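Here is a short briefing on the structure below. Start with the strands, then turn to the helices and the confidence values.

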Amino acid sequence: MAISKSRRNPGCPGSLARRVMAGVAIGCLCTFGPADVSAAKGDPAPGTSLDLTEMSLESLMNVSVISASKYEQKATEAPSSVSVVTAEEIRKYGYRTLADILSSLRSFYITYDRNYNFIGVRGFAPPGDFNTRLLLLVDGHRINDGIFDTATIGTEFILDVDLIDRVEVIRGPSSSLYGSNAFFGVINVITRRGKDLKGIEVSGEAASFGTFKGRATYGNRFGNGLEVLLSGTAFRSEGQNLFFPEFNDPATNNGIAEKRDGDKFRSFFSTLAYRDFTFQAAYISREKTIPTGSYGTVFNDPGNRTVDDRYYVDLKYDGSIDEKTSIAARVFYDWYGYRGDYVFSDNAVNPVPPFRFVNKDDTRNAWWGAEGKLTRRMLETHRLTVGAEYRDYFRQDQKNFNETPFESRLDDRRSTRVWAIYLQDEFEIAKGLILNAGVRHDRYSTFGGTTNPRVALIYNPRPKTTLKLLYGKAFRAPDVFEMFYTDGGITQKANPALRPEKIETVEGVVEQSIGDHLRLLAAAYSNKITDLITQETDPVDTLLVYRNVGPVRARGVETGLNGRWGNGLEGRASYTYQETTDGLGQRLVNSPRHLAKLNLIAPLFAEKVFAGGETQYVGKRTSLQGDIARAYYVVNLTLYGRNLVAGLDASASVYNLFDDRYGDPTGNKNPEDILSQDGRSFRAKLTYRF
Amino acid sequence: MTNRKPTRVSARGRAVIIAVWIVLVAMLISGGAPSIARGESAPEYTVKAAFLYNFAKFVEWPADAFAGPASPIVLFVYGADPFGDALKSLKGKTANGRPVVVRYAANLGELERCHLLFVSASSMALLPKILQATKGWNVLTVGDVDGFARDGGTINLVNEEQRVVMEINMEAAQRSRLKISSKLLALAKIVTPGRR
């Protein structure tokens, strides 16, 4: 609507800056060094041509180590294209949330509706989707809940980003290993370990819009082998006073939502490791006020808010029987609670002016599960993995009611179970040629079974060249929100007949190291999605409802260039072209054709002070109403100083430096078809270790 | 009302950002041009495997620690194996004319006479017993847990600021009659057993 169109301003930052960026990109092409994306133990990708054993001791002592934890093995085995973001990058680019991190990656883009962040990947970010098509793991523990299936990436993500050791993103279908949600890919977050800290770390930050965050962390590894990490974080943001042209009327405060963008959370995270056992406990409670008048709620009412609570405890064992056989197993208990307060005005419900009443969502989800995996090297050329998994979602309760006068609209109680078995073999057919084949069968108590295979060939014709060819299928089970949620006809109705959605992918990847430090990647993919679960508005009763639609075709080409130099200089650049269309050949909503990213870290002073800069270009997108959200271009800059005085790190960041007021196409629930996003903002941060 | 500000970026703002990028690119080109070998990054245990290989090269064992002049240098990994495939890089390598052989032990019974012994973090609680069992073996014990060298191990590989540094306990080396090359000693931190 109005927002997007008025933004098509000829004087906007684009042209000149874009030319400069093109220059930068060319500069990078000529000079970059390699970032080691294939960085994990057991990684079959021989892209790491470097033989460390031939290095001198002095050089060896200058190699920066990427700490290895057990679960990455599964992740990097993925015969697909992988991106890795390290803790150092998180500091140097000033990333505040997992959404910030993902937004910098090839083929990813993020949409924000001022309540939750949504991931777009490979041309796919339909409004009304709650990040259900990516599997999010923390140290191998599944974060997607059992109601909405959501991969939480905003302030509601259970882990403070400061506690991330690295994030590995594996693109392509991975249901053959992970089951549901591993549809477009897997995001594996690996946490920092006690021995990385060796003491106490405190951190404080202040940012625009009255935003403050504080964190205290203790970590250590003791002589007896016990390793501990304990951390707590508190975050609070007042938010902005926002103007929404859609509500520009004296009756709705002239379209201004005053102090209605607040956000706060408290989180706790702990890991205890002893010998082959690791115990983890994590908790977050996050409350967000909603300024957008979503779902037809009363605009600028302070009562519109959501609270998301999440915790889990997880015990895992990772050991080996002999030098050829390793065993991993885990048991876990998870909780997810969501409460939503939505303020409406209706004289049929409350006859007293201003007819205000609160409609509440109360969702409670508890589950436990167990998994086991055995990996064995056989005949020198095979690595066989067999595994099984069980999850029991014994509580999936969704309630919706009006508070006063009380009226129950929904009281839906469910419990579902799923078990799965899988098998994968990595077969070194000949030197430099690896076949990776796997299959997994999942059986749901709701809709029955689904079997998903994946086959990949990884070929290294030369030490510096890797070719990958991948074929795979993946699925996502309809979640109980999509199937059973209704608020009794206010906004949404149920559809228990939903079937799982399915994807079939063919993908080719070429990775080429150029010189000693440069790594070039090109990938092309073709996805066919059937029975896609999409939120639609039923024209008969104008209620939102989830339906299986399709088919959807997505094709795209991605190119990326990564580099890292010894003096601290590093960066990555990528460009993605994607075509995502529905059965009628229409481009999908919120699916840009072009994405371009450029990230650079430059050392400024003696390996102590670094400048991190990034730019993200997202091409124009269509909104639900058929309007155009114009292309945008965001630049973020961070100055980071390490160990400035003993133990003290400091950083200063500016986000959206050009103050580009772009808008995101948001979901059915918002009256704003295209929702204006944050302009320029700042953050200062101090971290002290002792 | 932040949202009502115009979209446009001031000319000065644009100039600043462009200047910053030009500086960055210039640094990229000038800093990046000479291909410096240092500052690679690699998985932790790939690096540590390379350290182990260097120890095989820069430590001198007494002649009677080997059966013959071409007998292998035997490396044992004790406890949960953190290396994965990383030790594969040692396959076919020789150090001072001797092949390097990698073997694994999950308990004391499986441990045999060897030249290098990597004690994995999972087995740290057993360190005194392991040291007891290997007494008089001419074995170089290597670990990667805080205090390993102080607690009687010979070389500790410690992570510091994302780099691996070495701590050496000279008493332990002498007890096993090992001669550590001065080149290696010059790069290591010498620690005294028992002192914190």
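Strand S7 (residues 164-171) and strand S8 (residues 185-191) of chain A run antiparallel, and seven bridges join them. Within this pair, A:Arg166 has A:Ile190 of S8(A) as its bridge partner. The model is predicted.

**The sheet of chain A**

- S7 and S8 of chain A belong to an open sheet of five strands.
- The strand order is S2-S7-S8-S5-S6 in chain A, with mixed pairing.
- Strand S2 (82-86) lies at one edge of this chain A sheet, and strand S6 (141-142) is the other edge strand.
- Each of these edge strands pairs on one side only.
- As a general point, strands of a sheet pair through backbone hydrogen bonds, either parallel or antiparallel.

**Confidence in chain A**

- Chain A has a mean pLDDT of 85.
- In chain A, 90% of the residues reach 70 or more.
- Which elements of chain A have the lowest and the highest mean pLDDT? Helix H1 (residues 2-6) has the lowest, at 32, and helix H6 (residues 98-103) has the highest, at 96.
- The pLDDT is below 50 over residues 1-49 of chain A. This stretch still has 130 contacts in the model beyond near neighbours in sequence.
- Residues 68-77 of chain A also have a pLDDT below 50. Beyond near neighbours in sequence, this stretch has 31 contacts in the model.

**The sheet of chain B**

- Chain B has an open sheet of eight strands, again with mixed pairing.
- The order in chain B is S4-S5-S3-S6-S7-S8-S9-S11.
- Its edge strands are strand S4 (94-95) and strand S11 (189-191) of chain B, and each pairs on one side only.
- Strand S6 (residues 116-119) and strand S7 (residues 140-143) of chain B run parallel. Four bridges join them.
- Which residue in S7(B) is the bridge partner of B:Phe118? The partner is B:Val142.

**A helix on the chain B sheet**

- Helix H2 (residues 44-58) of chain B packs on the sheet.

**Chain B overall**

- Chain B has five helices and 11 strands.
- Chain B has 196 residues, and 45% of them count as buried.
- Take the contacts in chain B between residues at least 6 apart in sequence: 66% of them join residues at least 24 apart.

How values were computed. Residues are numbered from 1 along each chain as its sequence is written. Chains are lettered from A and ligands numbered from 1 in the order in which they are written. This is a predicted model: local features need pLDDT of at least 70, side-chain atom pairs count only at pLDDT 80 or more; totals for chains, interfaces and linings use all residues. Two strands pair if DSSP finds at least two bridges between them. Helices (H or I, at least four residues) and strands (E, at least two) are DSSP runs, numbered from the N terminus. Two residues are in contact if their C-beta atoms, placed from the backbone, lie within 7 Å. Axes are lines fitted to C-alpha atoms, for helices over the stretch in contact, and angles run from 0 to 180 degrees between N-to-C directions. A residue is buried if 20 or more other C-beta atoms lie within 10 Å of its own, exposed if 12 or fewer, and partly exposed in between; C-beta atoms are placed from the backbone. pLDDT is the predictor's confidence in each residue, from 0 to 100.
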